[in-house]
Amino acid sequence: MELEQLRSDMVAAMKARDKERKDAISSLVSAVKKAAIDQGCREDVPGELVDRVIVKELKTAREQLDTCPADRTDLKEEYRKRHDIIAEYAPKMMSAEEVRAYIESNFAELLETKNKGQVMKAVMGVLKGKADGKVINETVAQLCK
C-alpha cells in the first residue's frame, strides 16, 4: 500500500461525504506520517512502513472492538465500521499452514535444536509484517515440542 493511494481514497471519501470512511482513512494517513517522521523518511515513505502502520492500526481497532462494553451498541457499531475500513487496506497475512510450511522448509536445522527463543528470533526477523505474531508463536511452539 502506498501513502498516495490512502490520500486519494481519503479525498474520494470526502467528495462522497462519507464521514466514517474519511475519518478512518485520515487516521491511517496521520499514523503513517507520524511513523515516517519518526523513521526519518518524511518525503519518501516506503510501502513497507505504510503496511506496518496499517497492521498496527488494525490491531488497535480490533482491541477497541473487543473491549467495548456490550451494552454500548452505538459505540460498538462505530468501532466495527472503523475496523472494517482499515481491514480493507491491510496487507494479506500468511495463514498458519503457510507459516508452518515456510518455517519447516527454511529453518529445519534450527528447529532441531528445539530452542523456541532462537527459532522465534530468526523467524520474526523474516516474517514480521507478513504473518500475525500470534500465529507465528503458536506454530513455533508446536514445532519445538
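1. How do the residues of the lining of the largest pocket divide into nonpolar, polar and charged? They divide into seven nonpolar, two polar and ten charged, where Ala, Val, Leu, Ile, Met, Phe, Trp, Tyr, Cys and Pro count as nonpolar, Asp, Glu, Lys and Arg as charged, and the others, Gly among them, as polar.

2. On provenance, this is a predicted model, in which local features need pLDDT of at least 70 and side-chain atom pairs count only at pLDDT 80 or more, while totals for chains, interfaces and linings use all residues. Residues are numbered from 1 along each chain as its sequence is written, and side-chain values use heavy atoms, with hydrogens and water left out.

3. The largest pocket has a volume of about 560 Å³ and a lining of 19 residues, of which V55, K59, M93, D132 and G133 lie nearest its centre. A pocket here is an open set of points on a 1 Å grid over the protein atoms alone, where a 1.4 Å probe fits, with protein on both sides within 12 Å along at least five of seven lines; lining residues have an atom within 4 Å of a point. The volume is the space filled by probe spheres set on the points, which are joined across faces, edges and corners. Helix 3 (47–67) and helix 8 (133–143) each supply at least two lining residues, and the largest share, nine residues, comes from helix 3; helices are DSSP runs (H or I, at least four residues) numbered from the N terminus.

4. The second largest pocket holds about 220 Å³ of space, and helix 2 and helix 3 each supply at least two residues of its lining. That lining has four nonpolar, one polar and five charged residues, among them K34, D38, R52 and E57.

5. The 21 residues of helix 3 should span 30 Å at 1.5 Å a residue, and its end C-alpha atoms are 30 Å apart, which agrees; the expected span is 1.5 Å times one less than the number of residues. Its buried residues (under 20% relative accessible area, 1.4 Å probe, protein chains only) include L49, V53 and E57, and the buried residues of helix 3 pack against helix 1 (3–15), helix 2 and helix 4 (73–89), contact being heavy atoms within 4.5 Å.

6. In helix 7 (residues 116–127), the buried residues are V119, M120, V123 and L127. They cover an arc of only 95° around the axis, which puts them on the same side of helix 7; the arc is that of the directions from the helix axis to the C-beta atoms. The face turned away from this buried side carries K121 and G125, which are exposed (over 50% relative accessible area).
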